[in-house]
Amino acid sequence: LHHVSGFEQVNADGYKQIVQTILSAASFATSSNEQKTILEILEPNAKVMEFGCGGGGFLKTLNELTSHGQLDLHGIDYSSTLIDVAKQRVPDGTFSVGNICERQQDTTTAYFHATFSFGVFFYLNSLDDAYKAIEEMVRITKPGGQIIIAEVSDAAKKQLDTEM
């Protein structure tokens, strides 16, 4: 979900449906043992980080899918070109160029309510890099916060779009 237009195989409505389907698949127990999706858990002004944000399509769509549309959006990507796209697409977001396998120097420990990564771990060079990225996601996410890592093949995305 990290390409400039989401992914080239689907239109904007298809992309939004795919994001909603993925986010609806994960549910979390609340303090009252109620099961809620991430879209139901994220409150206004919740701080959200995406590792491998690309052009910001996922973060923009996530914000649109919440009932309030008032998330504090942050993203990191290795591509300065895509970070420029993300800044245009999500002008109120905070975006930076960086390596998700390294400590984010400008990010406080336990700062984010939710941290996401979609379709990025596949591109990491080693299992050790994956562990480093996960450790950093854990470090920057608040205790009790949500971390969602998902890998969906391009073929599966295309098939899901066709089925919709």
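Which elements each supply at least two residues of the nonpolar patch? I looked this up and found α5 (127–140) and β7 (141–150), helices (H or I, at least four residues) and strands (E, at least two) being DSSP runs numbered from the N terminus.

I noted that this is a predicted model, in which local features need pLDDT of at least 70 and side-chain atom pairs count only at pLDDT 80 or more, while totals for chains, interfaces and linings use all residues. Residues are numbered from 1 along each chain as its sequence is written, and side-chain values use heavy atoms, with hydrogens and water left out.

Next I turned to strand β4 (residues 72–77), where I found five of the six residues buried, that is, under 20% relative accessible area, with exposed meaning over 50% and partly exposed in between (1.4 Å probe, protein chains only). On one pairing, β4 runs parallel to strand β3 (residues 47–51) over five bridges, and V48 has L73 as its bridge partner in β4; strands pair if DSSP finds at least two bridges between them. I also traced four bridges from β4 to the parallel strand β5 (residues 94–97), where F95 is the partner of G75.

I then looked at helix α3 (residues 57–65), and I recorded that seven of its nine residues are buried, so the helix is largely enclosed by the rest of the structure. The buried residues of α3 include F58, L59 and L62.

Last, I checked I147, which lies in strand β7, and wrote down that it counts as partly exposed because its relative accessibility is 33%.
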